[in-house]
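Hello! Here are some notes to read with the model open beside you. Take the points in order and find each residue as you go.

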Amino acid sequence: MFYVLVNSKGIEVRPAKKLPGVQETGSLVGIEGQSAFFEVASYGSFSEQGITILCDDEFLLKEFKPVLLTAEGRVIHGQCLIVGTNRQAEDFCLLNQKQVELVKKELRLIKPTN
């Protein structure tokens, strides 16, 4: 099982035994290692609806660089976390290998500009 981090360097797939908790998720979004509050950036950005993008809820205020474009046309800035969605439990979950491959195939990264 996995979760995916996306930032200006690209896509990083991280194996995991359990989903990061709230505090750890807050340190993964925005700038890794710095505390942040997170929000759901998108539920419908992939052909499989069970994949969710989480981001720092203040990414515009913190002037992060854009990293990806969602299917809905929303630009996400800073580092974001991509996880699964367990609709029955109304919670997030880890991604399986098939979902990771789908994320890598369908994700629309924004090339960094200097």
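**Notes on the fold**

1. Let us begin with a salt bridge: the side chains of Glu 101 and Lys 104 meet in one, at 3.5 Å from N to O. A salt bridge here is a side-chain nitrogen of Lys or Arg within 4 Å of a carboxyl oxygen of Asp or Glu. Glu 101 and Lys 104 lie about one helical turn from each other because they are 3 residues apart in helix α2. Glu 101 is partly exposed at 37% relative accessibility, and Lys 104 is partly exposed too, at 41%. Buried means under 20% relative accessible area, exposed means over 50%, and partly exposed is in between (1.4 Å probe, protein chains only).

2. Before going further, a word on what you are looking at. This is a predicted model, in which local features need pLDDT of at least 70 and side-chain atom pairs count only at pLDDT 80 or more, while totals for chains, interfaces and linings use all residues. Residues are numbered from 1 along each chain as its sequence is written, and side-chain values use heavy atoms, leaving out hydrogens and water.

3. How many salt bridges does a search of the whole structure find? The search finds 2. One of them joins the side chains of Arg 14 and Glu 12, at 2.9 Å from N to O. Arg 14 is buried, with a relative accessible area of 19%, whereas Glu 12 is partly exposed at 38%. As background, side chains of opposite charge can pair when their charged atoms come close.

4. Now look inside. The largest nonpolar core has 20 residues, and Leu 68 and Ile 82 have the most contacts inside it. Such a core is a set of buried Ala, Val, Leu, Ile, Met, Phe, Trp, Tyr and Cys residues joined through side-chain atoms within 4.5 Å. Two or more residues come from each of β1 (2–7), β4 (51–56), β5 (66–69), β7 (80–86) and α2 (97–106). These labels follow DSSP runs numbered from the N terminus: helices are H or I runs of at least four residues, strands are E runs of at least two. Another core, of 10 residues, lies apart from this one, and Tyr 3, Ala 16, Ala 36 and Leu 54 are among its members.

5. Leaving out residues up to four places away in sequence, Leu 68 touches several others, including Val 6, Ile 53, Val 75, Ile 76, Cys 80 and Leu 109. Contact means heavy atoms within 4.5 Å.

6. Strand β4 is mostly covered, with 6 of its 6 residues buried. On one hand, β4 pairs with β3 (residues 38–42) in the antiparallel sense over 4 bridges, and Glu 39 has Cys 55 in β4 as its bridge partner. On the other, 4 bridges join β4 to β7, again running antiparallel, with Ile 53 opposite Ile 82 in β7. Two strands pair if DSSP finds at least two bridges between them.

7. Is Ile 51 buried or exposed? Ile 51, found in strand β4, is buried, with a relative accessible area of 0%. Beyond four places in sequence, the residues Ile 51 touches include Tyr 43, Phe 46, Ile 82, Leu 95 and Leu 102.

8. An open sheet of 3 strands has the order β6-β5-β9, with antiparallel pairing. Its edge strands are β6 and β9 (108–109), each pairing on one side only. Between β5 and β6 there are 3 bridges, and Pro 66 stands opposite His 77 in β6.

9. Thr 70 sits in the loop between β5 and β6 (75–77). Thr 70 is buried, at 1% relative accessible area. Setting aside neighbours within four places, Thr 70 is in contact with Ser 42, Ser 45, Ile 53, Ile 76 and Arg 108.

10. Finally, the cysteines: the structure holds 0 disulfides, a disulfide being a pair of cysteine sulfur atoms within 2.5 Å. Cys 93 is in no disulfide either, as the nearest cysteine sulfur, that of Cys 80, is 17 Å away. Cys 55 is buried at 0% relative accessibility, whereas Cys 93 is partly exposed at 26%.
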